[in-house]
Amino acid sequence: MKRLFLSLTLGVIVVAVVLVVRTLAFTSRQGAAEAGTPLVLDAEAASARLAGALRLETVAASEGQPANDAAFQALKAYLREHFPRVHAALKCEPVGAHSLLYTWPGTDASLRPVLLLGHLDVVPVAAGGDSGWVHPPFSGVVADGYVWGRGALDDKGSVLGQLEAVEALLAAGERPRRTVLFAFGADEEVGGLEGAVAIATLLKERGVRLESVLDEGGVIMSGTVPGVSAPVALVGTSEKGFVSVELKVKGEGGHSSMPPPSTAVGVLARAVSKLESTPMPARLAGGSRELFERVGPEMGFGMKLLFANLWLTEPLVVKQLSARPTTNAAVRTTTAVTVFEGGVKDNVLPSGARAVVNFRILPGDSVEGVLAHVRETVDDARVEVGTLAFQSEPSPVSPTDSDSWRHLERSVRQVFPQVVVSPYLNVAATDSRHFVGLSDHVYRFFPAHLQREDLARIHGQDERISVAGYLDAVRFYAAYLRNTAR
């Protein structure tokens with residue numbers, strides 16, 4: 001017994017030493033902050049140009065509603081008018097009805113091009129839904145230090161910011177060594193089939209292989225990561241896939257006074273309940289794992305010990321992350337019942353019932369894996385399992401040990417020297433997923449420093465971006481172009 005006790009004590013000491021040694025070796029991986037080349041900007045003119053673009057109601061076609069063609073045509077004319085150097089020096093190709101592909105030729109044709117993405121379309125505002133806005137959603141107002149309007153954050157702020165950066169670089173006489181492409185789709189909010197997909201297909205047909213891709217995605221947030229006092233620039237290195245599974249059950253119908261043991265609604269309800277109570281397994285991998293590996297060294301000793309030793313603490317970390325919807329989405333393929341239909345009258349047995357369950361797929365899982373999970377979990381031959389038309393596999397995880405990542409990180413810290421730059425998993429869909437076959441380095445980041453309450457403005461009420469924040473976004477894009485295309 002004494003020998004066993006001594007062995008256990010020695011084991012505990014060894015583990016404790018390993019934990020401490022690994023924690024002490026868990027040092028910052030942030031690149032050095034350095035000053036970038038100054039960029040001459042006119043704050044009033046730049047914010048006014050963004051505001052003007054926000055006044056154009058560029059809503060894409062969806063669910064039987066046509067696109068606002070006049071608004072898209074007006075936006076293209078607006079861009080030509082307000083970015084004259086861009087349209088004189090870059091080739092601008094229309095793709096489909098409303099999307100645009102710009103090419104800024106580099107001086108060295110042997111280098112692979114870099115691609116920056118953005119989208120011209122915005123989500124609509126429901127009828128009567130603009131009554132609570134401080135400024136009407138398509139008024140494009142500059143007031144109180146902000147540019148207000150639908151699209152300020154998603155995603156005209158990105159599109160106009162990129163064009164502002166190129167206009168300023170051209171004015172300074174700069175030209176890239178590496179060719180730069182800018183792809184602005186016009187239907188990202190409804191899947192990107194006529195925009196990003198068409199542009200990606202065009203580039204593939206031309207034999208283009210891209211050095212890197214930068215799209216919208218993560219932002220700079222304060223107070224998002226517990227234990228990290230500095231703002232964190234969240235750069236999406238991958239994004240989740242998407243599939244909506246349709247469940248159908250057929251019933252006999254008839255009068256409710258003589259019901260069977262289970263109606264179609266009852267059978268379907270049990271199937272849905274099983275899926276909600278049996279989520280797909282959680283794991284800490286890809287961008288979600290790298291997030292803690294990058295920000296962990298910036299924490300105090302206790303939290304640092306936790307993330308420096310994931311070989312031991314991972315089950316605890318995953319359990320904690322799984323407990324909240326916002327963090328649960330980062331560690332598992334999520335299950336969301338979004339539609340449930342069945343029955344037409346309170347005294348009539350339903351002749352059928354239907355439900356739709358939306359899954360956002362974690363990298364490493366797949367559409368087929370989701371379907372296998374659904375069939376195994378439901379385990380009822382009466383429930384027919386299918387999928388809705390739109391679906392996408394999760395993207396590969398882009399590396400963070402590459403020159404492409406280092407150029408991006410350097411650009412962030414040149415403009416935002418106080419931030420911690422970290423990979424993360426993008427839980428929403430972007431146009432970038434259509435370009436993963438053209439580059440191994442696909443990143444998702446919009447250089448805006450937001451507060452937590454600002455997240456609700458994206459697709460929500462009072463969408464806006466601060467004038468100072470918008471100018472910083474322009475500076476970031478200029479720094480990024482200088483670093484990646486030099």
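F390 is partly exposed, with a relative accessible area of 35%. F242 lies in strand β9 and F390 in strand β12, so the pair ties together parts that are 148 residues apart in sequence. The model is predicted. The points below take the rest by topic.

**Aromatic residues**

- The structure holds 9 aromatic pairs.
- Strand β9 covers residues 241-250, and strand β12 covers residues 383-392.
- Why does F390 count as partly exposed? Its 35% falls between the 20% limit for buried and the 50% limit for exposed.
- The rings of F292 and F307 have centres 4.5 Å apart and planes at 5°, so this pair is stacked. The cut-off for stacked is under 30 degrees.
- F292 sits in helix α8 (residues 286-295) and F307 in helix α9 (residues 301-308). The two residues are 15 apart, and their pair links distant parts of the chain.
- Both F292 and F307 are buried.
- One aromatic cluster is made of F445, F476, Y477 and Y480.
- Which residue lies over the face of Y146? R464 does, at 3.7 Å from the ring centre.

**A nonpolar patch on the surface**

- Six names belong to this patch: L10, V14, V15, V18, W311 and L312.
- Together these residues have about 520 Å² of accessible area.
- Which elements give two or more residues to the patch? They are α1 (2-24) and α10 (310-322).
- Helix α1 provides the largest share, 4 residues.
- V15 has its place in helix α1. At 33% relative accessibility, V15 counts as partly exposed.
- Patch residues need over 30% relative accessible area, and V15 has 33%.

**The chain as a whole**

- The chain has 14 helices and 15 strands.
- Its radius of gyration is 25 Å, close to the 23 Å that the globule rule gives for 486 residues. The chain is therefore as compact as a globular protein of that length.
- How far does the C-alpha trace span along its principal axes? The span is about 80 × 75 × 50 Å.
- Of the 486 residues in the chain, 50% are buried.

- P261 is in the loop between β9 and α7 (264-277). Strand β9 also holds F242.
- Is P261 buried or exposed? P261 is exposed, with a relative accessible area of 88%. The cut-off for exposed is over 50%.
- P261 and R29 are 232 residues apart in sequence. In space, their C-alpha atoms are 62 Å apart.
- N328 is in helix α11 (residues 325-328).
- N328 counts as buried, at 16% relative accessibility.
- N328 and V318 are 10 residues apart along the chain. Their C-alpha atoms are separated by 8.5 Å.

Key:
Residues are numbered from 1 along each chain as its sequence is written. This is a predicted model: local features need pLDDT of at least 70, side-chain atom pairs count only at pLDDT 80 or more; totals for chains, interfaces and linings use all residues. Side-chain values use heavy atoms; hydrogens and water are left out. Patches are made of residues with over 30% relative accessible area and no salt bridge: like charges are joined within 9 Å, nonpolar side chains (Val, Leu, Ile, Met, Phe, Trp, Tyr) within 5 Å. Accessible areas come from the Shrake-Rupley method with a 1.4 Å probe; for residues, only the protein chains shown count as cover. A salt bridge is a side-chain nitrogen of Lys or Arg within 4 Å of a carboxyl oxygen of Asp or Glu. Buried means under 20% relative accessible area, exposed over 50%, partly exposed in between (1.4 Å probe, protein chains only). Rings of Phe, Tyr and Trp (its six-membered ring) pair if their centres lie within 6.5 Å; planes under 30 degrees apart count as stacked, over 60 as edge-to-face and the rest as tilted. A charge sits over a ring if NZ of Lys or CZ of Arg is within 6 Å of the ring centre and within 35 degrees of the ring normal. The radius of gyration is taken over C-alpha atoms; the globule rule is 2.2 Å times the number of residues to the power 0.38.
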